[in-house]
Amino acid sequence: MHIGLQIPSFKYPGGTAAIRPTLKNIAATAEEAGFYSLWVMDHYYQIQNLFGENYTDPMMEAYTTLGYVAGLTDTPALGVLVTGVIYRHPAVLLKMVNTLDILSGGRAYLGIGAAWYQGEAEGFGIPYPTTSERYEWLEDALQYAHTLWSGDEVSFEGKHFTAPKATNNPRPLSQPHPRIMIGGMGPTKTLRMVAQYADACNFFERTGPEQLQQSLDTLKAHCERLGRDYDTIEKTALCTVHLAPGHDTVSGTLDRFKALADLGFTHAICNMPNVYEIAPLETFGKEIVPAAATL
C-alpha cells in the first residue's frame, strides 16, 4: 500500500512567518520518509473544528502551495484533495494542473469534486449553485479535461462551460494525462463519474468498513454498466493519524491500513494533527511506510 500525506492545516507555532519554513521541513521530511504523495485542501476558510481549529485560522491557496512544494521535492505525487469545481473556470484549472505537472516533472493529480463548503463560498462572495448544478459543473470539467488532454488544439461545449479554441501547449508530462481523482462517496452521481472519467477515487476511512465496502460495490456496478475495468481505478482513502501518547500507535495504524488493503484500497492518504512536530513523519518513515508497502 502507498502512503500519502495530506497537509490541511497551516496553524503552526510561530505564526505566519513560520508557515514557509515549517512547510519546507514537512515536505522534505515526508519525501525522505518515503511518502508516495503530498496533498493540500482547496479551501479559503479552514474547516471548522478540524484539529480543534476555527474557520478564521490560517489557510493557504492550494495550487500556489503545491507549486512551492513541487520545487522542494522530486519524487512524491502532488495533488489537491480535492479541488472545488466552483472556484475556478475549468480552462484556468486545467492550465494550472498542466503547469504543476510540468514543473513537478510529471507528478500531478487532478483531484476534483463538486464542492460542499457553502459558508466559505458565500463568505468570499463566490457563487454557490445548487447541488445538481454543481454536479453539472463537475461533469463539464471532467469532460473538458479529457477533451483538452486528447489533443493540442481542441474545442469544447458543455452545459455550463465552452472553450471554442483551446490550445494545450505545453502539454503535461504525465501520460496520457495527469491522473484524475474524484473525491466523494455519493452513490448515484459521484461514483458514476468515477467509473466514467476518473483514474482514482477518494473515500473517507472514518465512514467505516461496511460503508466503504458498499461504496466500492456501487463503484463496481457503475463500472460494469459502463464497460469500465474496475481494477484500473486507484482506490484511495483519507485517514487521520495522530501519533502521540494517548492517541494512535504504530501497530494500530498498520492494522487500519491492513483493513483498508483487505477491502481493495492501495493508497492511504493521512493527515496528522501534529505533523509540524516532524517526529510523526520520521516515525512513519521508519516504522509505517516500509511495513505498509508489504500489505
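Phe265 is buried in this predicted model, because its relative accessibility is 2%. Its partner ring belongs to Phe203, and the two form an edge-to-face aromatic pair. Phe203 is buried as well, because its relative accessibility is 0%. The structure holds 13 aromatic pairs.

**Aromatic pairs**

- The ring centres of Phe203 and Phe265 lie 6.0 Å apart, with 75° between the planes.
- That angle is over 60°, so the pair counts as edge-to-face.
- Phe203 sits in strand S9 (residues 200-204).
- Phe265 sits in the loop between helix H8 (250-263) and strand S11 (267-271).
- The pair therefore links distant parts of the chain, 62 residues apart.
- Tyr144 and Phe156 are another pair, with ring centres 5.3 Å apart.
- Their planes meet at 40°, so this pair is tilted.
- Tyr144 lies in helix H5 (residues 131-148) and Phe156 in strand S6 (residues 153-157), so the pair ties together parts that are twelve residues apart in sequence.
- Both Tyr144 and Phe156 are buried.

**Aromatic cluster**

- One aromatic cluster is formed by Tyr44, Tyr45, Tyr55, Tyr87, Trp116, Tyr117 and Phe124.

**Charges over rings**

- Arg206 lies over the face of Phe204, 4.4 Å from the ring centre.
- Lys235 lies over the face of Tyr230, 3.6 Å from the ring centre.

**Cis peptide bonds**

- The bond from Leu81 to Val82 is cis, with omega near -20°.
- Val82 belongs to the loop between strand S3 (77-80) and strand S4 (83-84).
- Asn169 and Pro170 are also joined by a cis peptide bond, with omega about 5°.
- Pro170 belongs to the loop between strand S7 (162-167) and strand S8 (179-183).

- Phe51 is not a glycine, yet its phi is positive, at about 55°.
- Phe51 is found in the loop between strand S2 (37-40) and helix H2 (62-72).
- Phe51 counts as partly exposed, because its relative accessibility is 28%.
- Ala115, also not a glycine, has a positive phi of about 75°.
- Ala115 is placed in the loop between strand S5 (109-113) and helix H4 (118-123).
- Ala115 is buried, because its relative accessible area of 14% is under 20%.

Terms used: Residues are numbered from 1 along each chain as its sequence is written. This is a predicted model: local features need pLDDT of at least 70, side-chain atom pairs count only at pLDDT 80 or more; totals for chains, interfaces and linings use all residues. Side-chain values use heavy atoms; hydrogens and water are left out. Rings of Phe, Tyr and Trp (its six-membered ring) pair if their centres lie within 6.5 Å; planes under 30 degrees apart count as stacked, over 60 as edge-to-face and the rest as tilted. Helices (H or I, at least four residues) and strands (E, at least two) are DSSP runs, numbered from the N terminus. Buried means under 20% relative accessible area, exposed over 50%, partly exposed in between (1.4 Å probe, protein chains only). A charge sits over a ring if NZ of Lys or CZ of Arg is within 6 Å of the ring centre and within 35 degrees of the ring normal.
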